[in-house]
Amino acid sequence: MYWRLFVFFLFQVLAAILGWLFPVFHSEVITAVCASLVASYVWFLIDTLRGARLVRWLRKDDFSNPAFEAGFWGDVSDRIRRLMRARDRLAIESEGRLQDILAALQASPNGVVLLDSEWRIEWFNQTAADHFGFDARRDMLQHLGNLVREPVLASYLAAHDFLHDVVVPGRRSTASNPIKLSVHIHSYGEGRSLLLSRDITALEQAEAMRRDFVANVSHEIRTPLTVLGGFVETLQSLPLNEQEREKYLALMAQQADRMQTLVTDLLTLSRLEGSPLPPTQEWVTLSTLLEQCEHDARALSGLLWKDPQTISFDVEEGCQVSGTATELHSALSNLISNAVRYTQGDRSITVTWKRRAEGGALFCVEDTGLGIAPEHIARLTERFYRVDRSRSRDTGGTGLGLAIVKHVVQRHGAELTISSELGKGSRFAIAFPEHRVRDLMSA
Ligand code: ADP
């Protein structure tokens, strides 16, 4: 800067000396002063032109080459160039950081919506788009309340009490397939807000199932308990003869058995849910297992029906299944005992076990009994789901048999298929995968 001032004054002094040496006017002093003034204007003009060049260079926004190579203006343009490069670097770094943060928000399993102080949408991730049906091109800067028209959300926003969340239906929610979203707003920055949405449908369903399960178990236990209590009261208060006492005690034993069966089934279910998957290196011989089932089925048929059913077992010998014997026994015997319980006395039941041409093996129970209407079939494996409650209870059912079968089948990598025609009969089949089946010979 000092050097520049020095050159400026030197330039003027030289002009003044030249004016003095070669006077144009009648006085050397006036010529020297005028020459010095002209030199200042020339200096000013050159500087203005250089300044204009610098402005043009700045407007181009391309700082790869300096506007001036050297001198004062070279220095200025070089410094500007360095500042601009530092700014660009900073902008690139900030942009990279912003993209990283947005990518992290995008990867969030929750819906994320950034809102300005007027509840206008500034950004949202794909999960939020799926939850609320937002469109990135259409809905940016739209008011949240215009896009999610739920009264509960409108009053939530109006109340400004964001300590808790609210539950709103999801975009694809229908009466038959309700979707529930938990929406929670968190304030940040100057009046801005972050909206987090979470799909809680499965959670709510699990909670509803848990409530139903507790209610069902209580109901199932309360009924025999009430009956038992009644009999105890009768025995205590009425003078009964031996025959009557025997009759009441037999009825009490029946109710106690019912509770016992229910508790056993509940324990079986909880064991199935809590224990590790069945081993693949332990082998169970199917014919032995089915001999026991056949014996039990015939005994049950004799007990339930005056005219026992014709039960035929067609079992391919020499075949083994890998898994847990008790679980497999429980599943197969449940299907067979259901066939006995839901088939009239004089009808027939066929149980088959066969290797399949495509690999694996098929266990199948076919009956010619009551059959099941199509609308019930998908729900049969739900806990406590019964088509005919009184028939189930009268024959000692707990409503848990097919739920147990479903669990065992899943745990063994097998598949359960149910087909039935009302009034004609039902077919329950379990297809075991190839890796769980082998011939005894190859053992
Ligand atoms: P339950 O103890 O009531 O038999 P399950 O879970 O074993 O419970 O079966 C659920 C329901 O499915 C039964 O209540 C019955 O209505 C129906 N069901 C099961 N097996 C048969 C069958 N072989 N024929 C007709 N209905 C059946």
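In this predicted model, a polar side-chain atom of Tyr 342 lies 2.7 Å from an oxygen atom of the ligand; a polar contact here is a pair of N or O atoms within 3.5 Å, and within protein one atom must be able to donate a hydrogen and the other to accept it, while residues adjacent in sequence count only if both atoms are side-chain atoms. The model being predicted, local features need pLDDT of at least 70 and side-chain atom pairs count only at pLDDT 80 or more, whereas totals for chains, interfaces and linings use all residues. Residues are numbered from 1 along each chain as its sequence is written, and side-chain values use heavy atoms, with hydrogens and water left out.

**Around the ligand**
- A backbone N or O atom of Leu 402 lies 2.8 Å from an oxygen atom of the ligand.
- The protein covers 98% of the 530 Å² of accessible area that the ligand has on its own (areas by the Shrake-Rupley method with a 1.4 Å probe; for residues, only the protein chains shown count as cover).
- At Gly 401, a polar backbone atom is 3.3 Å from an oxygen atom of the ligand.
- Asn 338, Tyr 342, Ser 392, Gly 399 and Leu 402 come nearest of the 20 residues around the ligand (near means one heavy atom within 4 Å).

**The chain as a whole**
- The protein chain holds 14 helices and 13 strands (DSSP runs numbered from the N terminus: helices are H or I with at least four residues, strands E with at least two).
- Its radius of gyration is 44 Å, well over the 22 Å that the globule rule gives for 443 residues, so the chain is more spread out than a compact globule (taken over C-alpha atoms; the rule is 2.2 Å times the number of residues to the power 0.38).
- Along the principal axes, the C-alpha atoms fill a box of roughly 160 × 65 × 35 Å.

**The five-stranded sheet**
- Five strands make an open sheet with mixed pairing, in the order S7-S9-S10-S12-S11 (two strands pair if DSSP finds at least two bridges between them).
- Strand S7 (310-315) and strand S11 (415-421) are the edges, each pairing on one side only.
- On average, neighbouring strands of this sheet are turned by 10° against each other, direction ignored (axes are lines fitted to C-alpha atoms, for helices over the stretch in contact, and angles run from 0 to 180 degrees between N-to-C directions).
- S9 (residues 348-355) and S10 (residues 361-367) pair in the antiparallel sense over seven bridges, and Thr 350 stands opposite Glu 366 in S10.
- Seven bridges also join S11 to the antiparallel S12 (residues 425-432), with Ile 418 opposite Phe 428 in S12.
- Three residues lie between the strands in the hairpin of S11 and S12, where Gly 423 takes a positive phi near 85°.

- An open, antiparallel sheet has the order S6-S8-S13, with S6 (283-285) and S13 (437-439) as its edge strands.
- S6 and S8 (residues 319-322) run antiparallel and are joined by three bridges; Thr 285 has Gln 320 in S8 as its bridge partner.
- H10 packs on this sheet, touching S6 and S8, and its direction makes about 55° with that of S6 (contact means heavy atoms within 4.5 Å).
- Helix H10 (residues 286-304) also lies across S7, S9 and S10, running at about 180° to S7.
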